[in-house]
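Here is my note for your first look at this entry. Keep the viewer open and check each point as you read.

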2 protein chains.
Amino acid sequence: MKLYTFAPAPNPRRVHMFLVEKDIELEEIEVQIREGANLLPPYSEFNPLRTVPVLELDDGQKITESVAICRYFEAVQPEPALFGTTPLEKAMVENWHRRVELEGMQAVAEALRNSNPRFEDRAIAGPRNFAQIPALAERGLARLGFWFKDLDARLKESPFVAGENFSMADISAYITVGFARMVKAQPDESLEHLARWRAGIDARPSSRVGT
Amino acid sequence: MKLYTFAPAPNPRRVHMFLVEKDIELEEIEVQIREGANLLPPYSEFNPLRTVPVLELDDGQKITESVAICRYFEAVQPEPALFGTTPLEKAMVENWHRRVELEGMQAVAEALRNSNPRFEDRAIAGPRNFAQIPALAERGLARLGFWFKDLDARLKESPFVAGENFSMADISAYITVGFARMVKAQPDESLEHLARWRAGIDARPSSRVGT
C-alpha cells in the first residue's frame with residue numbers, strides 16, 4: 001500500500017493528521033505539486049484527476065478522495081473512532097463535517113483559486129481547466145468571515161465540532177482555519193471559543209504534520 | 001422521530017429514496033418550500049439553516065444534512081448496506097459519492113441558483129443571502145456536460161457508480177441526473193452506459209418517491 005501525497009497541502013494534510021491520530025504508518029511517495037508534477041505524466045496518467053493524495057492498494061486499486069482514504073482506515077482500524085461510534089455520533093460527524101467542508105473549506109478554496117495568479121485557469125482542481133471568477137473569490141472571503149463566527153458559536157456549545165469527542169470534523173475544521181492564511185484571513189481574537197478549541201488541537205502531535 | 005421534508009426537492013428526495021430502499025417508514029411533516037415557508041418563522045426558528053430535510057429525534061436533537069440522516073439510518077439498520085460493507089466498499093462509496101456531489105450535484109445547483117429568478121439573492125441555501133453570479137451558472141452548465149460523460153465512462157467499467165452494488169452514490173447520481181432537467185440539461189442519448197444504469201434505477205420502486 002502506498003500513499004501518493006504532498007503533506008503541506010490541505011487535503012493531504014487531513015489524511016496525514018488522521019493517520020497520526022490512528023497511529024498508522026504507510027509508505028509515502030511525495031508528489032511535487034508546487035512544481036506542477038501532478039499535472040504532467042507520469043502522475044497525470046497514474047491519476048487522471050491530477051489530485052493528491054491517492055492511496056494505492058496492493059492490488060492496484062486507487063482511492064483518490066481524502067475523506068474516502070480516511071474512511072478506509074476507519075473501517076480497517078476502528079479505534080480511536082474518528083467518524084463516531086453510535087448511530088447518532090456517526091450522523092453528527094457526517095453532519096458537521098459536511099458543514100465544515102461546504103461553509104469553510106470550500107469558501108477558502110474558492111477565495112484562493114479564483115484570485116491567486118498561481119491558479120489562473122485552474123479555478124477547480126481536476127482534469128479540466130476552468131477560468132477564475134473574481135466574484136467567486138470575493139464571495140469566498142465573505143463566507144469565510146461568517147464561517148469563523150458560526151464555528152465559534154458551535155464551539156461555545158460543544159467541546160469539539162461534532163460533539164463531545166475529537167473527530168474528523170475537527171481535523172477538517174482545524175486545517176481549514178490554518179489554510180485560510182493563504183487568503184490572508186484569520187479568526188478575530190474575540191472568537192474565544194474557536195481560540196480555545198484551536199489551542200487544544202495545536203497541542204496534539206498530529207497538528208504538526210505537513211508544517 | 002419526525003422528518004421535516006419536501007419530497008420533490010433533490011436533497012429530501014435522496015433521503016426518501018434511501019428510506020424506501022431500507023424499507024423504513026417515518027412520521028413526515030411537509031414544509032412548503034415552494035411558498036417560502038422554510039424562510040419564515042416558525043420553520044426558520046426550528047432550523048436556522050432554513051433547509052429541508054431535518055430529522056428531529058425524540059429527544060429534540062436535529063440532523064440537518066441529508067447524507068447525515070442517511071448515515072444515521074445506515075447505522076441503526078445496516079441491511080441492505082447502502083454505504084458499503086467491507087473497508088474497501090465503504091471507501092469506494094465515499095469516494096464516488098463525493099465525486100457525484102462535487103462534479104454533478106454542485107454543478108446543477110450552481111447552474112440553477114445563479115440563473116433562475118426564483119433564487120435571486122439566494123444563490124446559496126442557508127441563513128444568509130448571496131447574490132447570483134452569472135459566470136458561475138455558465139460554469140455549472142459546462143461542468144454538468146463533462147459530468148454526464150464522466151459518469152457514462154464510469155458506468156462502462158462498473159454496473160453501479162461505486163462498484164458491484166447499488167449504493168448511496170447511485171441515489172445521489174440518479175437524483176442529480178433528474179435534477180438537471182431544472183437547467184434544461186439531460187445526458188445525450190449516445191451515453192449508453194448511463195442510459196442502461198438509469199433505466200435499471202427507473203425500475204426500482206424507490207425511484208418514484210417525490211415524483
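**Notes on the fold and the pairing**

1. Start with chain A. Its secondary structure comes to 7 helices and 4 strands. Keep in mind that this is a predicted model. Along the sequence, chain A runs in the pattern β-α-β-α-β-β-α-α-α-α-α. Trace that order in the viewer.

2. Next, overall size. The radius of gyration of chain A is 17 Å, and the globule rule gives 17 Å for 211 residues, so chain A is as compact as a globular protein of that length. The C-alpha atoms of chain A fill a box of roughly 50 × 45 × 30 Å along the principal axes.

3. Now burial and contacts. Of the 211 residues in chain A, 56% are buried. Take the contacts in chain A between residues at least 6 apart in sequence: 64% of them join residues at least 24 apart.

4. How is chain A related to chain B?

5. Move to chain B and find helix α3, residues 66-76. Is this helix mostly covered or mostly open? It is mostly covered: 9 of its 11 residues are buried. The buried residues of α3(B) are B:S66, B:V67, B:A68, B:I69, B:C70, B:R71, B:Y72, B:F73 and B:E74.

6. Finish with a pair of helices. Two packed helices are described by the angle between their axes and the distance between the axes. In chain B, helix α5 (residues 134-157) packs with helix α7 (residues 192-202) at about 75°, and their axes are 7 Å apart. Angles of 65 to 115 degrees count as roughly perpendicular, and α5(B) and α7(B) are therefore roughly perpendicular to each other. On the α5(B) side, the contact is made by B:F148, B:L151, B:D152, B:L155 and B:K156. On the α7(B) side, B:E192, B:H193, B:L194, B:R196 and B:W197 take part. By class, this contact of α5(B) with α7(B) has 5 nonpolar, 1 polar and 4 charged residues.

Methods
Residues numbered from 1 in each chain as written. Chains lettered and ligands numbered in written order. Predicted model: local features only at pLDDT ≥ 70, side-chain atom pairs only at ≥ 80, totals over all residues. Heavy atoms only, no water. Buried < 20%, exposed > 50% of the residue type's maximum accessible area, 1.4 Å probe, protein only. Helix = DSSP H or I, 4+ residues; strand = E, 2+ residues; numbered from the N terminus. Axes fitted to C-alpha atoms, helices over the stretch in contact; angles between N-to-C directions. Parallel < 35°, antiparallel > 145°, perpendicular 65-115°, else oblique. Contact = heavy atoms within 4.5 Å. Nonpolar A, V, L, I, M, F, W, Y, C, P; charged D, E, K, R; others polar. Rg over C-alpha atoms; globule rule 2.2 N^0.38 Å.
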